[in-house]
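Open the structure in your viewer and keep the selection tool at hand. This tour goes stop by stop.

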Amino acid sequence: MKFVDEVRIFVKAGDGGNGSVSFRREKYIERGGPDGGDGGNGGSVVFVADPQLTTLLDYRYQQHHRAKNGEHGMGSDCNGRASDDMVLKVPVGTLVKDANTEELLVDLSEAGQRWVAAKGGRGGLGNMNFATSTRQTPRFAQDGTKGEEITLRLELKLLADVGLLGFPNAGKSTFISRVSRARPKIADYPFTTLVPNLGMVQYKDGLSFVMADIPGIIEGASEGVGLGHQFLRHVERCKVLIHLIDMGAEGEGRAPLQDFDVLNAELAKYSPELASKPQVVAANKLDLPDAQARLEAFTEALRKRGIRVYPVSCATGEGMQSLMDSVAEVLFTGRTDKLHVEPPAKAVRAKKVARAGEAVAASGAKKAGASSAKGKAGASASKKAPARKASASAAKKAPARKSGTASSKKSPARKVGTSAAKKAAAKKAPARKASGTASSKKAAVKKAPARKSGTAAAKKAPARKVGAAATKKPAAKKAPARKSATTSAKKPAAKKAPARKSAGGRR
Ligand SMILES: Nc1nc2c(ncn2[C@@H]2O[C@H](COP(=O)(O)OP(=O)(O)OP(=O)(O)O)[C@@H](O)[C@H]2O)c(=O)[nH]1
Ligand SMILES: [Mg+2]
């Protein structure tokens with residue numbers, strides 16, 4: 001059957017019947033009085049949404065619809081008959097617009113919904129209604145009013161929950177025939193499907209939904225190329241769109257990613273609202289040998305945008321179940337998490353690496369500057385611990401130390417002799433002057449005051465000369481450096497202990 005989804009029609013309601021002017025005439029009864037009856041009401045034009053209909057085809061041929069007029073009133077107190085309403089059945093999902101103003105008058109989206117398009121005229125009163133004690137022979141009656149008339153534009157927007165979108169030959173009809181009992185024509189040439197097809201999908205647990213397959217959309221559809229984009233109207237009411245990508249089509253200016261972008265651009269041109277609907281992207285025809293090869297690049301490209309691609313083959317049914325599960329989840333729960341993937345961390349990682357590289361380079365330069373340092377600390381520079389030349393510089397809270405190695409943003413490198421600062425002194429632990437080869441296993445005691453400090457003096461703790469001190473744990477924050485000769489502080493200074501003379505201490 002031909003599918004028509006847009007018509008222009010004229011409707012007119014019936015006029016009301018006129019009231020009658022009549023007087024009773026009967027043998028032996030003189031001046032019987034007025035007995036003209038009322039006119040009947042004209043019939044209205046009423047639209048009813050009928051679930052049995054799927055097209056507006058009938059209105060393509062019959063464009064004028066006039067309801068009957070009401071009967072005129074008659075003598076002998078007879079009222080005219082009111083006319084029946086004219087009922088116009090339209091498919092569910094029909095929009096009724098005023099053809100002149102394009103104003104939307106009603107959306108008949110529920111089965112059985114009624115809407116009066118044109119109201120019938122009222123019947124006029126007969127002269128019997130106008131008799132009074134002082135006007136016993138009213139020789140007039142009331143005329144019926146005119147019925148309303150209007151030119152309307154009917155637009156059918158199919159009611160479907162899920163819409164299938166894609167280029168021609170993407171496999172949309174194959175898809176719908178696989179998941180529902182719809183049997184649209186499937187063929188290996190573009191624009192096989194010329195009108196939308198609906199299919200009822202029986203999902204698990206008694207759940208079901210309606211899927212719509214529409215003709216293919218190509219580049220320039222908004223300007224009328226191909227079949228144009230008017231069929232997109234039928235997926236406007238859908239809650240989810242399945243975007244089928246033909247992985248078998250390449251060449252002739254076609255590529256999966258390009259197809260994806262072109263179709264989305266056409267959607268946006270038609271309606272930004274439609275473009276923003278949740279889309280399940282399915283890469284179809286994976287059974288083809290070439291398709292597999294193209295899939296990876298396409299998946300990766302969309303992954304960068306955070307979009308998940310469902311690889312499917314409508315011909316073999318492969319991957320269809322997980323696709324339908326995601327569609328059902330969006331449809332029934334509204335959750336769209338499954339449609340997105342985390343964009344690859346590569347970019348982020350690359351940035352981090354680049355930054356780290358810069359930091360290392362910078363620290364390296366600084367280290368080079370501090371090459372006067374006697375030794376190298378084993379610990380490498382951490383992000384937050386830029387290298388510093390301890391001897392000259394003094395940190396805000398911790399003074400610079402003579403250390404060769406460990407450098408961190410927060411803990412400046414210190415001039416250390418041969419020390420290997422594995423662990424810096426604990427927080428606020430003051431550096432101590434370790435004499436000779438003494439190794440302070442347990443370093444600074446809490447709140448231990450700074451001892452013999454070297455030359456450099458920081459705000460809080462001055463830098464100290466460190467000899468060959470080897471501190472396994474670097475000095476912690478705020479720990480002032482101490483002069484230590486060959487000290488090896490195995491255990492860091494306790495909290496709040498002033499900084500000690502230690503090598504490579506971490507602030
Ligand atoms: N190899 C392979 N061929 C497929 C697959 N899906 C569809 N086809 C073929 O692709 C061709 C087009 O399929 P249709 O379902 O008619 O495509 P369509 O998107 O409805 O096309 P139009 O109605 O023209 O827009 C047919 O020859 C199908 O047999 C698939 O998964 N694998
Ligand atoms: Mg088709």
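The stops below cover a metal site, the nonpolar cores and some salt bridges. Keep in mind that this is a predicted model.

**Stop 1: the magnesium ion**

Select ligand 2, the magnesium ion. Which protein atoms are its donors? They are OG of Ser173 and OG1 of Thr193, lying 1.9 Å from the ion. Now colour by secondary structure. Ser173 belongs to helix 2 (residues 172-179), while Thr193 sits in the loop between helix 2 and strand 10 (197-202), so the pair ties together parts 20 residues apart in sequence.

**Stop 2: the largest nonpolar core**

Select Phe175, Phe209, Met211, Ile242, Leu323 and Met324. These residues have the most contacts inside the largest nonpolar core, which has 27 residues. Next, show the elements around them. Strand 9 (162-166), helix 2, strand 11 (208-213), strand 12 (240-246), strand 13 (279-284) and helix 6 (320-333) each supply at least two core residues. Helix 6 gives the largest share, 7 residues.

Zoom in on Phe209. Beyond its neighbours within four places in sequence, its contacts include Val162, Met200, Val201, Tyr203, Met324, Val327 and Leu331.

A second, separate core has 25 residues. Leu56, Leu57, Leu154 and Leu158 are among them.

**Stop 3: salt bridges**

How many salt bridges are there? The count comes to 19.

- Select Asp325 and Lys204: their closest N and O atoms are 3.3 Å apart. Asp325 is in helix 6 and Lys204 in the loop between strand 10 and strand 11, so this pair ties together parts 121 residues apart in sequence. Lys204 is partly exposed, at 43% relative accessibility.
- Select Lys285 and Asp246: here the closest N and O atoms are 3.4 Å apart. Lys285 lies in the loop between strand 13 and helix 5 (289-303), and Asp246 in strand 12, 39 residues apart. Lys285 is partly exposed at 22%, whereas Asp246 is buried at 5%.
- Select Arg153 and Glu155: their side chains form a salt bridge of 3.0 Å, N to O. Arg153 is buried at 14% relative accessibility. Glu155 is buried too, at 8%.

Definitions and conventions
Residues are numbered from 1 along each chain as its sequence is written. Chains are lettered from A and ligands numbered from 1 in the order in which they are written. This is a predicted model: local features need pLDDT of at least 70, side-chain atom pairs count only at pLDDT 80 or more; totals for chains, interfaces and linings use all residues. Side-chain values use heavy atoms; hydrogens and water are left out. Donors are N, O and S atoms within 2.8 Å of the metal (3.2 Å for Na, K and Ca); water is not among the atoms, so sites may look incomplete. Helices (H or I, at least four residues) and strands (E, at least two) are DSSP runs, numbered from the N terminus. A nonpolar core is a set of buried Ala, Val, Leu, Ile, Met, Phe, Trp, Tyr and Cys residues joined through side-chain atoms within 4.5 Å. Buried means under 20% relative accessible area, exposed over 50%, partly exposed in between (1.4 Å probe, protein chains only). Contact means heavy atoms within 4.5 Å. A salt bridge is a side-chain nitrogen of Lys or Arg within 4 Å of a carboxyl oxygen of Asp or Glu.
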